[in-house]
Each structure stands twice: as C-alpha cells, then as structure tokens.
Amino acid sequence: MTPSAPILQLQDIRKHFGGLTAIENFSLEVFPGEIVALVGDNGAGKSTLVKIISGVHPPSSGTITIEGKPVTMSNATMGRAHGIEVVYQDLALADQQTVYMNMFLGREPLNRFGLLDRRRMIAETEKLVKELDVRIPSAHATIRDLSGGQRQGVAIARATHWASKLILLDEPTAALGVAETARVEMIVQSLKQRNVGILIISHSLDQVFKLSDRICVLRRGKQIGVRETRKTDKNEIIAMITGLQQQ
Ligand SMILES: Nc1ncnc2c1ncn2[C@@H]1O[C@H](COP(=O)(O)OP(=O)(O)O)[C@@H](O)[C@H]1O
Ligand SMILES: [Mg+2]
C-alpha cells in the first residue's frame, strides 16, 4: 500500500484573541479517506481550530497546506473554494426551505434561461440522499418537518456534495437522540469511501472510538498528542484530555 499525500497539513498554527492564546503550536496532517477525531474539554480550542481550517478565522501564525499547496484564507467562502465544508451541531439549515434548496443555498445552479435549475438541484439531491442513505421523505420536504437526525443527514449531504477535500464536523450529534446519533454515525462512516479527509469533534468517546482512525487531543489550546485509535484506549485519552492519571 502506498501511503497517499496528506489532504490537509497544519504546521505550527497559533491563534490569539487579544491577550488570550486559543491555540498554540498545533500541527496535524489529515489523509484522504481518514477520520481524525479532535477531542478536548470545553474551551480547549476545538471549534477555533475548525474555524481556522475552514477559513473563518485566519491563524495568527503558522501554515495551512491543502494537497501540498499553502493556502491563505480570510473567510468561509475561501475555505469552501478550497473544497472545505463544515457541519455544525446547531443544524444550520434554512427551516422554511426545502431539502433541495438547502443543498444548494447560496450556490444555486442556473439553467440556460438564467433561472434556478430546480430539476438539477432535485436530481442531485435525490442521488446523494440515496447514496448516503439519509432517510427523508423527499427532496421536496421542508426542513422544519424533519427530525433532528434527518436534518443533520441533510447538512452532511450538503457538505458531502460540495467538499472536494475536507469535511469538518463540529459536534454533529450533540443535539441528537440515541437512534438519530447512530444513523448520523453510519453516514459519517460512509464518507470514508469518498476519499475526502474528515475531522470530527465529539464529546462522546464511544463515538470517537467507533468512527476515528486517529485521535488528536487538545488541552487549553495545547496539542497534547495524536494516537492511532486502535493503539490506544479510553483511559489514555481521558488522561490526555484532563491531564490527570487514570486509576
Ligand atoms: N471569537 C473569539 N473571541 C475571543 N475568544 C474566543 C473566540 N472564540 C473562541 N474564543 C476563546 O478561545 C478558547 C477556545 O474556544 P473554543 O475553540 O470554542 O473551544 P472548544 O470548541 O474546544 O470548546 C476559549 O477560551 C474561548 O473563550
Ligand atoms: Mg466547540
């Protein structure tokens, strides 16, 4: 097996908010088809890292390299242009709109008459929803009529449609029930076959151990370590998160 080149490389990333150091000296590589979990206590800097990688916050210093090319981003639009999409915990969809409109929100294709190409949006939505096995009544369903799990399925389908390189998931199941979480976990697992890099933030170590290939631990902005999931266990990860030895 030839090891592939990393899809994302972070080198010596630092981020200050005024006097506060949110991230210090962070370096990580994510490979295509790999799921890396980012864990750490509240305030550790996980969401800040997602915002740095997605272009929302430029780092104070350090380099972001995507498929071998250093990139500079100053907003999420630039991140999206580099093939990076984010799924947030708070189900960031337009409630009053249909599933297919949400899939293309702000990036709607036009037909040759310069009108919204609804036929194409619907066809592409149906194809992806089927491939990912997101169980929704139809592409025409209105978001507010869907369950939390179905909505998060749509958000992941949208990210999958647009992300050519990297999907970042910031606590994607935090607002979901047990069965819905299991469904979303299956969808995330299936993304591996698409050969994008996946970075997932989760508070659930069960989820982290179920889904990830590697686990990166952050504590108060410091990178404590990266482990291969199959070579570590919950005790070690908890000790790394808290800085306390487990009994
Ligand atoms: N926009 C911001 N301005 C100032 N401080 C921020 C901002 N975003 C995050 N922080 C601070 O950075 C630290 C890391 O926050 P965050 O990345 O949200 O942590 P996590 O997602 O791991 O809970 C916290 O101390 C938080 O208060
Ligand atoms: Mg967070």
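Within β2, L28 is the bridge partner of L10. That pairing belongs to a predicted model, where local features need pLDDT of at least 70, side-chain atom pairs count only at pLDDT 80 or more, and totals for chains, interfaces and linings use all residues. Residues are numbered from 1 along each chain as its sequence is written, while chains are lettered from A and ligands numbered from 1 in the order in which they are written.

**Overall build**

- The chain holds eight helices and ten strands. Helices (H or I, at least four residues) and strands (E, at least two) are DSSP runs, numbered from the N terminus.
- The radius of gyration is 18 Å, close to the 18 Å that the globule rule gives for 247 residues, so the chain is as compact as a globular protein of that length. This radius is taken over C-alpha atoms, and the globule rule is 2.2 Å times the number of residues to the power 0.38.
- The C-alpha trace spans about 60 × 45 × 40 Å along its principal axes.
- Buried residues make up 42% of the 247 in the chain. A residue is buried if 20 or more other C-beta atoms lie within 10 Å of its own, exposed if 12 or fewer, and partly exposed in between, with C-beta atoms placed from the backbone.
- Among contacts with a separation of 6 or more, 65% join residues 24 or more positions apart. Two residues are in contact if their C-beta atoms, placed from the backbone, lie within 7 Å.

- Strand β1 (residues 8–17) pairs with β2 in the antiparallel sense, over seven bridges. Two strands pair if DSSP finds at least two bridges between them.
- The hairpin of β1 and β2 has two residues between the strands. In this hairpin, G18 takes a positive phi near 60°.
- β1 also pairs with β4, in the antiparallel sense and over five bridges. Here R14 stands opposite S61 of β4.

**Around ligand 1**

- The shell consists of F17, L20, A22, G40, N42, G43, A44, G45, K46, S47 and T48. A residue is near the ligand if its C-beta atom, placed from the backbone, lies within 6 Å of it.
- Two elements, β2 (20–30) and α1 (46–53), each give two or more residues to this shell. The largest share, three residues, comes from α1.
- By type, the shell has four nonpolar, six polar and one charged residue. Ala, Val, Leu, Ile, Met, Phe, Trp, Tyr, Cys and Pro count as nonpolar, Asp, Glu, Lys and Arg as charged, and the others, Gly among them, as polar.

- Strand β6 (residues 84–88) pairs with β7 in the parallel sense, over five bridges. I84 stands opposite L166 of β7.
- β7 also pairs with strand β8 (residues 197–201), in the parallel sense and over five bridges. G197 of β8 is the bridge partner of L166.
- From β7 the chain crosses through helix α6 (residues 178–191) to β8, in a right-handed β-α-β crossover. Right-handed means that, with the strands pointing away from the viewer, the path from the first strand over the helix to the second runs clockwise.

- Q150 sits in helix α5 (residues 148–162). Q150 is buried, with 22 other C-beta atoms within 10 Å. Not counting residues up to four places away in sequence, Q150 touches V134, R135 and I136. I136 is 14 residues from Q150 in sequence and 6.3 Å away in space, C-alpha to C-alpha.
- P109 lies in the loop between α3 (99–104) and α4 (118–131). P109 is exposed, with 12 other C-beta atoms within 10 Å. Leaving aside neighbours within four places in sequence, P109 is in contact with F104, D117, R120 and M121.
- E67 lies in the loop between β4 (61–66) and β5 (69–71). Phi of E67 is near 45°, a positive value in a residue other than glycine. E67 counts as partly exposed, with 17 C-beta neighbours inside 10 Å.
- R220 lies in the loop between β9 (214–219) and β10 (222–228). Phi of R220 is positive, near 45°, in a residue other than glycine. R220 counts as partly exposed, with 14 C-beta neighbours inside 10 Å.
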